[in-house]
Amino acid sequence: MEIKKGVAVSPGIVIAKALIIDSEDYRIPRRSIKPSQRMTEIQRARNAFTDAIGELTQLETAQDKTDEGKIKDIFAVHLRFLRDRSLRKRITDLVHSESVTAEYAVSTTLREIASHFTRIKDPYISERAADIRDIERRLLRQLLGKRREDVEHLTEEVVVVARELSPTQTAGFNREFVKGLATDAGGRTSHTAIVARSLGIPAVVALEDLTDDISGADTVIIDGNRGIVIVKPDQQTIRQYQEYAREFAELEHKLDAIRQKPAVTRDGTRITLLGNIEFPEEAQMVLDKGGQGIGLYRTEFLYLNTQTEPAEEVHYHAYAETVRVFKHRPVIVRTVDLGADKYTQSKRFAPEPNPFLGLRSIRFCLQNLMMFKTQLHAVLRASVLGEIKIMFPLITNIQELMQARMILRDVMEDLDDESIAYNKDIQVGIMVETPSAALTASTLARDVDFFSIGTNDLTQYTLAVDRGNELVSTLYSSVDPAVLRLIRTVIQDAHKAEIDLHVCGEMASEPEHIMLLLGMGVRTISLAPPMIPEIKQIIRSVTMEDCNSVARKILGMNSERQISNYLRDAARKILPAVF
Ligand code: PEP
Ligand code: MG
């Protein structure tokens with residue numbers, strides 16, 4: 001039995017067999033082998049190289065006939081890599097020295113080389129990383145053959161274990177069989193974590209080397225409440241966890257009872273609870289969980305599942321479907337927030353050296369006007385169907401806001417010319433998720449109807465901590481005094497300007513942070529749908545006086561550790577069963 005500690009990102013407890021997946025959903029059945037099996041694995045690796053070379057030579061000859069010079073060149077480059085003796089030696093040496101399977105050695109070695117290439121400034125060399133990944137896939141195909149099993153054709157319940165998963169992979173899992181997730185990489189607010197939470201799949205990330213210590217079909221316990229993964233648990237631990245799982249299910253059932261009750265504090269302050277969604281189908285879940293509208297629709301997920309840009313009708317139908325669920329309630333459509341961890345860098349851009357500080361989000365839209373206008377056209381057309389609002393992400397200064405608003409006006413004029421109806425008074429807001437936006441909130445407030453504080457990015461940019469990097473996950477905290485000061489400024493400036501203020505980052509899904517947010521003056525929060533009942537229960541258990549006193553105490557504290565301990569104790573007193 002081995003107990004690994006990571007970061008809890010999606011609550012719940014699950015006990016199931018592990019399904020280990022690797023690049024492109026290749027399933028690597030086993031990593032470690034007995035020393036006596038090393039020669040067999042080395043031979044398998046050699047055969048895979050020979051077969052891959054045979055396959056490529058055939059393809060190269062076929063191209064000779066069609067005379068596609070460029071494709072032929074690619075095959076020639078791949079063949080050169082495959083014939084390179086030092087590469088083969090590196091792989092067989094790894095099998096020998098570490099007693100690992102051929103597929104594991106191939107995958108690890110080629111990824112190391114690809115990642116080395118990506119870091120090289122020369123674009124010719126850095127682009128070769130994609131060739132290396134292609135070669136890895138070709139070799140894995142040879143090695144795994146029929147053993148390759150995609151995650152869509154599962155027949156039994158599993159927990160998926162991977163080095164890392166993309167948000168799209170996670171969203172595509174068959175929920176009937178994938179009951180939990182555990183990854184080596186990632187942080188609490190990485191988008192994979194956010195998707196797991198939205199889908200209600202227990203998940204733990206930042207486990208660093210879990211995939212090295214686990215083999216396919218090992219029994220695993222994922223404790224998404226405490227951030228623990230137990231590999232090959234003993235019988236006593238399994239029994240103990242079956243009991244925890246039962247208690248947790250009971251608590252969820254109790255919370256069901258308050259789903260349709262209002263989110264109101266004991267002394268009568270009403271709080272609006274909205275849902276964060278990535279796909280229109282989730283809108284129904286928000287409603288079922290007692291949410292009062294959509295506070296954040298992450299529309300970039302329309303782009304993540306396809307190789308081509310979605311047509312205007314795809315946008316329109318997605319927004320129309322969402323509004324149908326919440327006809328007379330707000331639906332805040334955030335314009336596409338592509339880039340950083342929400343777009344595979346290899347897919348569209350030449351990889352950026354620093355994607356979180358690069359061409360992401362509103363910056364990307366302002367440089368891809370056709371794409372941006374297509375989306376705005378669709379949102380405006382759907383605006384007559386309900387209470388749609390538009391929200392621009394990652395605004396860092398007033399010029400960006402002005403530019404985005406100007407483009408919106410252009411699209412409105414196009415609709416006028418085409419005699420298409422839309423809501424001319426549609427509300428427009430921005431996400432406040434950069435320190436620069438927070439510090440200039442009083443200026444930005446003059447040109448918007450609402451602010452929504454995106455604590456996920458605000459935290460990463462304020463503390464200079466990558467939200468998805470497990471190596472610095474302990475430094476990432478939305479209750480760091482620096483982040484709280486910025487949040488307080490934004491709340492005060494929104495109140496002064498008399499505009500609406502929401503919080504939609506993951507901080508609003510965290511039970512221990514709710515009293516603080518209310519005490520700081522927040523009255524509308526938008527959160528992962530499965531968390532709505534629990535957060536409502538907390539709101540219904542506190543008084544504003546309690547919350548104000550918590551906020552007063554916290555804002556006088558200078559250390560993150562002191563703040564989190566204080567908040568955890570305060571929340572534990574109110575809802576002992578959750579903590
Ligand atoms: C945020 O940054 O807090 C946010 C809600 O946006 P996203 O998580 O999609 O970046
Ligand atoms: Mg963000």
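## Salt bridges

Is Asp93 buried, partly exposed or exposed? Asp93 counts as partly exposed at 37% relative accessibility, where buried means under 20% relative accessible area, exposed over 50% and partly exposed in between, with a 1.4 Å probe and protein chains only. Its partner in a salt bridge is Lys89, at 2.9 Å from N to O, a salt bridge being a side-chain nitrogen of Lys or Arg within 4 Å of a carboxyl oxygen of Asp or Glu. Lys89 is exposed, with a relative accessible area of 51%, and both residues lie in helix α3 (residues 85–98), four residues apart, about one turn of the helix; helices are DSSP runs of H or I with at least four residues, strands are runs of E with at least two, and both are numbered from the N terminus.

By this rule the count comes to 25 salt bridges. Another of them joins Asp457 and Arg467 at 2.8 Å, N to O. Asp457 lies in helix α17 (residues 455–463) and Arg467 in the loop between α17 and α18 (481–497), so the pair ties together parts that are 10 residues apart in sequence.

## Basis of the model

This is a predicted model, in which local features need pLDDT of at least 70 and side-chain atom pairs count only at pLDDT 80 or more, whereas totals for chains, interfaces and linings use all residues. Residues are numbered from 1 along each chain as its sequence is written, chains are lettered from A and ligands numbered from 1 in the order in which they are written, and side-chain values use heavy atoms, with hydrogens and water left out.
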